[in-house]
Structure formats: C-alpha cells, structure tokens
Amino acid sequence: LPRSINANVPEDLETVLLKGLAKDRNERYASIAVMVHDLIAIRESQPILGRRPSRWNLVLRWLKRNRLTALVGGVLGSLTMIAALVAVVILFVKQREVQVALQTSEQNLKTANENYWLGRDLLDKWNAEIIPLLADDSADPQLRQEMLADSIKFYQHFLAKENHHQDHELDIATQITRVQLAEAYASSNQWQQAIAQLELVVTADSPLATTSPTEMRWYAKAVANLGLGHLQLRETNEAIKRLTQAVALYDKLATENLADSTRPTLSLEHAAVLTNLSQAYRSQGKHELSLQQLQQATLLCEQVPNAANYSKAQRLLTQIWDHEAALLADSNPKQALDCSQKSVALQTQNIEFIRTNGKRIRQYATSLHNLAILQQKQGDVQAALVTLQQTVEQRQTAILLQPTSPKLRSELSV
C-alpha cells in the first residue's frame, strides 16, 4: 500500500490510487471524469466520491487470489476446531467417570466401614454374652477353647486392616479374649497352653496395664492366672512372684471408685489369689506366710453376701478352710480339725447343689477324707470310720457322674 511506503501520503489519495489501479473492473472508477473530480477534491480538501474497500472486501479479494492457500487453511482450521471439540467432550466424559468412580468408592468405603463395625459389635457380643455360657463345668471345654481361639483370629484380622492397626479398643478386646482362652485351657488342666496365652498379655506395654479399673481388673486376672499356672507346674518362685504382683493389683483395685455390684466378685477374685499364694508359700515350707494369706482370704469371703445357694463365696471358703486345716494339721491339730469340720459342714448343708456337679462332689469327698484323717489323729476312731464311709459314698457318686475318670477310681480305692 502507498501509505506503507510513505506515511505522508494522504489517506484519500491512497484511496483514489487503489481504486484506479483495482484489478476488478467493477471496483474501478466508472469514468476518468469521476477520478479527476476526486483528485481536485483532494487538492481543495473536499470529500471524495470513492470509498476504501471494507475489511471484509479485502478478505474476499485475498481469498479469490489465494484459493488453494485459503482452502488448506480452512481445512486445517476446521480440523483444529473439531479436535478441540472432541477433546472437550472426552474431558467432560472422563471427568464424569471420575466423579462416578469417586462416589462409588466413597459408598464402598462407607459400606465397608459399616460392615467392619457390625462385625466388631457381633464379635464383642459373642465373647461377652455367648461364650461365657460355656464356662459351666457341664459344658464342653474343647468347644469353648476353639471358639475363643477363633475370636482371637478375627480380632487379629481386624487389627491387620490398614485403618485399624492402631485401634486401642481392638487391642484391649484381643487381650481380654486371650485371658478368657487361658482360663478355658486352665479348666482342662492345659497349663502350658494357658501360660503361653497369658505371657502375651502380661507385658510391660500391655493395653490392659492402664489406670482404667475395668482394664486393670482384666490385667490382674491375667497375672493371677499366670501365677496359678506356674504353681500347677511347680514353678514355685515364679508363681509367688506373679501371685504377689496380682495381690498388689487387687489391693489397688479395692481403692478405686467401682460400682457396688462389681465389688463382691472382685473380693472373691482377690481371695482366690491369696489362697493360691498361700499354697505357694506352703510348698516352700513358709507356713506362717501361708496362714496369713488364708486369713486375709477368709475375711474377704466373709464380707461377700451369699447371693445364691452354695454361692461362689461359700465354695471358696470351704477351699480356704481345707487349706488351713492341712496347714495346721501338725502344729495345731485341734484348730485344723475345727477348720475341716467347718468346711464339711458347709458342703453338707448344700449337698443338693453339690451332687449334680462332678468337680464339687470330688472336692466334698476330699474334704471328708481329710476330716477323717484329722479325727483319727485326735483319737476319735469311730467318728473317723463314719466319715470315711461318707467319703466312699461321695466318691461313688462322683464316679457315676464321671464314669471314665481313672483318677476317681484310684481315689476310691485309697
């Protein structure tokens, strides 16, 4: 363009020149007179008749002159627009898929979490309400052991989950179940297996070794049962160590703010630990220490009200009196006889509740046998014969309840 070469060229003059030089005849001046008119108008600074072509006309002219280039450019532009449109559609679809996947994932996570807690609740109720029903002497101990072992596996499965590997409540539930499993093993005299479970509980970092009274009580039971296990295996020093530790824990629990309904059971557990500790001291010949533990255990049992016929407190008292009688047999035979008579009298008073239980009838027979020996030592042979006859009758009853027990037949022959 002229003005691109010389910016001083007036715009109207450039218009006249371009119109006069236009290739298309229709775009030129109609006559030379009209062109001369515009040149005179420029000189006199008047408006000209010619008009500059619009931008759209310029574009159309370029397209006519460069049809191939325009065609290629148009095709490329169209393809670019189509590609951009396709990209937008794909992006939208992908975004929608991601949103749906995220919603599905959140729903699955919510469902999994709900199922997790449902499983936890069912397992907790199973251990708290169903399995304890199998703790009765008439129940199958093997079944109880298997069920508790399965419960531990389930708890460990829950603990292995990524979101719950530091779940304190789950740790506690697992440890409590181990204590229950150890008790089940102990009821079948499987003391090695019981100790193996309890040693997993009685550790420095045990979740049960806390200031919470409920958890501390389970820890105390674990320590007490571990001590009893060592006592049964005649590992007396370790038994005394653990039982003394358990007594200290029960002493501490007695000072805690506990519900009145739990105190009787706690006192009986405490008394049982003292009784076992007494046996351990007795096996080492420490009779004075042994007697002290029995006296404390007696006080605890006597403070517990008898909530049922031949209650747990009464059963424990008969065991304490039998231990005390055996302990005093040589040093104070008269007091030993008194303790033995109290034990037999209490069991005789509750004979109808004893006869249906093989374990209790065996204890009763043992108490009668020990009483007969003490009566004989005191010179009361007639009373000893009567008591021995009662012993034979009770052991025969026990054999009827447990006909396959060789130990019972051996006791009867003695």
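Mentor: Let us begin with a definition: a nonpolar core is a set of buried Ala, Val, Leu, Ile, Met, Phe, Trp, Tyr and Cys residues joined through side-chain atoms within 4.5 Å. Buried means under 20% relative accessible area, exposed over 50%, and partly exposed in between, with a 1.4 Å probe and protein chains only. This is a predicted model, in which local features need pLDDT of at least 70, side-chain atom pairs count only at pLDDT 80 or more, and totals for chains, interfaces and linings use all residues. Residues are numbered from 1 along each chain as its sequence is written, and side-chain values use heavy atoms, with hydrogens and water left out.

Trainee: How many residues does the largest nonpolar core have, and which of them have the most contacts inside it?

Mentor: In soluble globular proteins, nonpolar side chains tend to be buried together. Here the largest nonpolar core has 71 residues, and L208, V273 and C301 have the most contacts inside it. Helix α9 (residues 213-232) gives the largest share of this core, ten residues. Of the 414 residues of the protein, 36% count as buried.

Trainee: What is the secondary structure of the protein?

Mentor: Helices (H or I, at least four residues) and strands (E, at least two) are DSSP runs, numbered from the N terminus. The protein has 18 helices and zero strands.

Trainee: Where is V273 placed, and what does V273 touch?

Mentor: Contact means heavy atoms within 4.5 Å. V273 belongs to helix α11 and counts as buried because its relative accessible area is 3%. Leaving out residues up to four places away in sequence, V273 touches A224, L243, A246, V247 and Y250. The C-alpha atoms of V273 and A220 are 9.8 Å apart, although 53 residues separate the two along the chain.

Trainee: Which residues are in contact with L208?

Mentor: Beyond its neighbours within four places in sequence, L208 has contacts that include I172, V201, E215 and W218. E215 lies in helix α9 and is buried, because its relative accessibility is 17%. With residues up to four places away again not counted, E215 touches H168, I172, P207, L208 and T210.

Trainee: Is E269 buried or exposed, and which side chain does a polar contact join to that of E269?

Mentor: A polar contact is a pair of N or O atoms within 3.5 Å; within protein, one must be able to donate a hydrogen and the other to accept it, and residues adjacent in sequence count only if both atoms are side-chain atoms. E269, in helix α11 (residues 263-283), is buried, because its relative accessibility is 11%. Its side chain and that of Y250 are joined by a polar contact of 3.0 Å. Apart from neighbours within four places in sequence, E269 is in contact with R217, K221 and Y250.

Trainee: Over which ring does the charged end of K221 sit?

Mentor: A charge sits over a ring if NZ of Lys or CZ of Arg is within 6 Å of the ring centre and within 35 degrees of the ring normal. The charged end of K221 sits over the ring of W218, at 4.5 Å from the ring centre.

Trainee: How many disulfides does a search of the whole structure find?

Mentor: A disulfide is a covalent bond between the sulfur atoms of two cysteines. The criterion is a pair of cysteine sulfur atoms within 2.5 Å, and the search finds zero disulfides. C301 is buried, because its relative accessibility is 2%. C339 is buried, with a relative accessible area of 2%.
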